[in-house]
Every structure is written in C-alpha cells, then in structure tokens.
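Hi,

Here's the structure I said I'd pass on. Have a look through it first, then read my notes below.

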Amino acid sequence: MGYDNLRLEKGMYRQQGMSFTQVLESLDPSENYRGTALEGTDAFQRQLKRFGIRAKGAGSSPVEKFFSTMDSAVLFPEYIARTVRQGMEEGDILPSIVATTTIIDAMDYRSIYSVPTDDDKALKDVAEGASIPTTEVKTKEHLVSLTKRGRMLVASYEAIRFQKLDLFGVMLRQIGAYIQKQQLADAVTVLTAGDGNSNAAASFTVGTSPISGTKGTLAYDQLVEFWGQFDPYTMNTILCSTGTMTKMLKIPELQNPMTGLNFQGTGKLTTPLGAQLHRTGAVTDGMIIGLDNRYALEQVKAGEVLVEYDKLIDQQLERAAITSIAGFAKICDGAACVLNV
C-alpha cells in the first residue's frame with residue numbers, strides 16, 4: 001500500500017504502545033523508499049507531501065490546509081506534537097545532565113539504586129576459591145514522582161486558519177520551550193533535594209570545611225576543592241544561574257585564552273576542570289550544582305508529548321491541552337553535589 005492511498009483516522013492515536021507515526025510506519029515502512037526521491041522521509045512527512053502541506057519556509061501552507069479533507073485533518077495533532085517537541089529540544093539542557101531516559105506506559109515507576117560502601121569501591125584481588133566482591137542493586141522505597149507539565153492552546157479556527165504554518169510553528173515551539181523549562185526545574189529539584197528516597201545531594205558551603213575561602217566569594221581554589229568531593233565520580237557538568245556564572249567567569253584561571261576561543265568558536269563554555277558549564281534560571285543565585293552526568297540522574301517519561309487529538313480534529317483547534325508527563329530519579333549517591341557560594 002502506497003503512502004498516497006492510506007486511510008487516516010483518529011483511532012491511529014489510540015493504538016496501545018504505539019505513537020501515531022509508528023502506526024503510520026507499520027502501514028507505510030520507510031525502508032520501501034530506499035533509492036527513491038522520498039528516501040530519508042518518515043511516514044508522517046510523506047503524508048504531508050500527499051496532501052501538499054508545506055510546514056516550513058517562506059512558502060509554507062496556511063493552517064486551514066490541514067482541514068481540506070477529513071484524512072488530512074487527522075495529521076494536525078501530530079504536526080502540533082512534533083513542533084512542540086522541536087521547541088523542547090532547542091537549547092535543551094536535559095540531555096547534558098541525564099544519564100538515561102526510561103519511557104513507561106504507566107503512571108507508577110520504581111527505580112533502582114546502588115549505594116556502595118568505601119570497602120565495596122576498593123579494587124581487591126580475588127584469591128582462588130575466595131568469594132567475589134558484590135555490588136547490591138535494590139529497588140527504591142518510594143515511587144518516582146511523575147508530573148504533568150503543559151500548556152492550554154486556545155485559539156479560534158477563524159483567527160488562525162489563514163496564518164502560515166511557519167509562523168504558527170513559532171508559537172508551538174514557544175510552548176515546547178516553556179514545558180522544557182518546567183521539566184528542567186523538576187530535574188534540578190531532584191538533583192538537590194533528592195527523589196523522596198533520602199538521597200539529597202551533599203551540600204558544601206564556601207568558608208566551611210572542606211571548602212576554604214570566605215562565604216560570598218568564589219575563587220579557583222574553591223572550585224578545585226569542590227571538584228575533589230566527587231571521588232570516585234568526575235564533576236563533568238556544572239549548573240548555575242546567570243549571576244553565579246558571571247562571577248565564575250571572572251575568576252582569572254577561567255580567563256584562559258583557550259577557554260575564550262572555545263566559547264567564541266562553539267558557544268560552549270568549559271572550565272579548566274573539564275566540566276561543561278550550563279546557565280539556567282532553575283538554579284538560584286549563589287548555588288552551583290556539580291554532577292557526573294553519566295551516573296547522577298534518570299529521566300522517566302510516560303510517553304511523548306500528548307495532545308487532545310479529538311478536539312484538534314473535530315473542533316478545529318478552539319481549545320486543546322498540550323502536555324508532557326515526566327519525572328526524575330537519582331541513580332548514584334555522590335554523583336551530584338551542591339556548592340553554596
């Protein structure tokens with residue numbers, strides 16, 4: 001069956017364990033288009049082509065193009081979900097601080113953890129016939145808290161029917177950016193306060209042992225001492241506010257010419273300690289969160305971006321919720337620490 005004669009219906013959004021695009025792919029596999037002009041497109045993009053819907057560029061189609069037929073109207077919720085996801089991914093810090101992402105089909109999830117003792121961390125010779133040192137993996141006592149984040153999209157069809165999709169997409173990407181910002185704040189809360197399983201991050205304060213200096217000031221010595229608290233992990237990522245980052249970048253050691261050249265060439269800030277710097281309003285001024293992003297945090301998602309497809313198809317927008325359900329869990333104690341300046 002070719003992409004140009006598929007029958008589209010709302011029921012495609014209700015397939016258990018499959019997204020709308022996955023349902024389309026099962027009916028119209030992309031592998032059938034290898035060596036053709038449509039190679040590199042997915043099933044949804046081929047449906048846009050089928051109905052002559054151009055989503056981006058100066059010649060993008062008006063919103064009403066989706067509602068020219070009942071079949072093409074079915075594509076509208078997926079278009080919204082995809083564009084919102086683009087907004088979530090633009091400038092998204094989460095991939096830089098999350099060690100792994102788990103997608104579930106339920107609202108309850110219990111993560112696992114391991115808290116090795118100093119003796120467990122030691123590398124020991126195993127004599128012939130002796131028992132091998134163990135690492136115990138346990139299920140956490142408390143469930144991961146999943147939170148629904150989203151926005152209500154409110155607009156009359158008459159108000160937007162003639163608007164180009166390129167402009168309408170900007171509004172949708174902005175919604176995605178808002179959702180991403182809220183989820184990042186959730187991640188920061190779990191990193192610092194824990195996930196409800198008595199695993200808050202170790203907190204250090206400038207001027208209080210083992211961190212030297214005077215409270216309210218930040219120098220390179222304090223960053224080095226903070227870095228030293230991560231053994232056996234490596235502090236490879238730092239989160240802080242704009243104000244705190246400004247103070248940090250004024251430290252003479254961080255004004256290394258190579259650091260500046262790297263920032264000018266790639267837009268990425270790296271400290272001499274090898275940690276990637278990320279600025280976010282989710283962290284309060286005067287706080288620095290250091291972490292080993294390979295071991296610190298697990299993201300749990302109950303599916304992808306959800307849209308109220310019935311309303312979007314039948315009522316032609318009007319009012320529809322766009323949501324994303326996600327939560328976070330600490331993985332390894334000691335892989336994230338807090339420095340209070």
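Let's start with two phenylalanines: are they buried or exposed? Phe66 is buried, and Phe76 is buried too. Keep in mind that this is a predicted model.

Those two also pair up through their rings. The ring centres of Phe66 and Phe76 are 5.2 Å apart and the planes sit at 55°, so this counts as a tilted pair; edge-to-face would need an angle over 60 degrees. The pair links distant parts of the chain, 10 residues apart. Phe66 is in the loop between helix H2 (43-50) and helix H3 (70-73), while Phe76 belongs to helix H4 (residues 76-89).

Now go to Phe67, which makes an aromatic pair with Tyr157. This one is edge-to-face, with 5.3 Å from centre to centre and 75° between the planes. Where do the two partners sit? Phe67 is in the loop between H2 and H3, and Tyr157 is in helix H7 (residues 157-160), so their pair ties together parts that are 90 residues apart in sequence.

Both partners are tucked away: Phe67 is buried, with a relative accessible area of 14%, and Tyr157 is buried at 10%. Under 20% counts as buried, which is why they get that label.

Which residues do ring pairs link into a cluster? They are Phe66, Phe67, Phe76, Tyr79, Tyr157 and Phe168. In total, the structure holds 12 aromatic pairs.

One last thing to look up involves a charge and a ring: Arg151 lies over the face of Tyr178, 4.1 Å from the ring centre.

Cheers

Technical notes:
Residues are numbered from 1 along each chain as its sequence is written. This is a predicted model: local features need pLDDT of at least 70, side-chain atom pairs count only at pLDDT 80 or more; totals for chains, interfaces and linings use all residues. Side-chain values use heavy atoms; hydrogens and water are left out. Rings of Phe, Tyr and Trp (its six-membered ring) pair if their centres lie within 6.5 Å; planes under 30 degrees apart count as stacked, over 60 as edge-to-face and the rest as tilted. Helices (H or I, at least four residues) and strands (E, at least two) are DSSP runs, numbered from the N terminus. Buried means under 20% relative accessible area, exposed over 50%, partly exposed in between (1.4 Å probe, protein chains only). A charge sits over a ring if NZ of Lys or CZ of Arg is within 6 Å of the ring centre and within 35 degrees of the ring normal.
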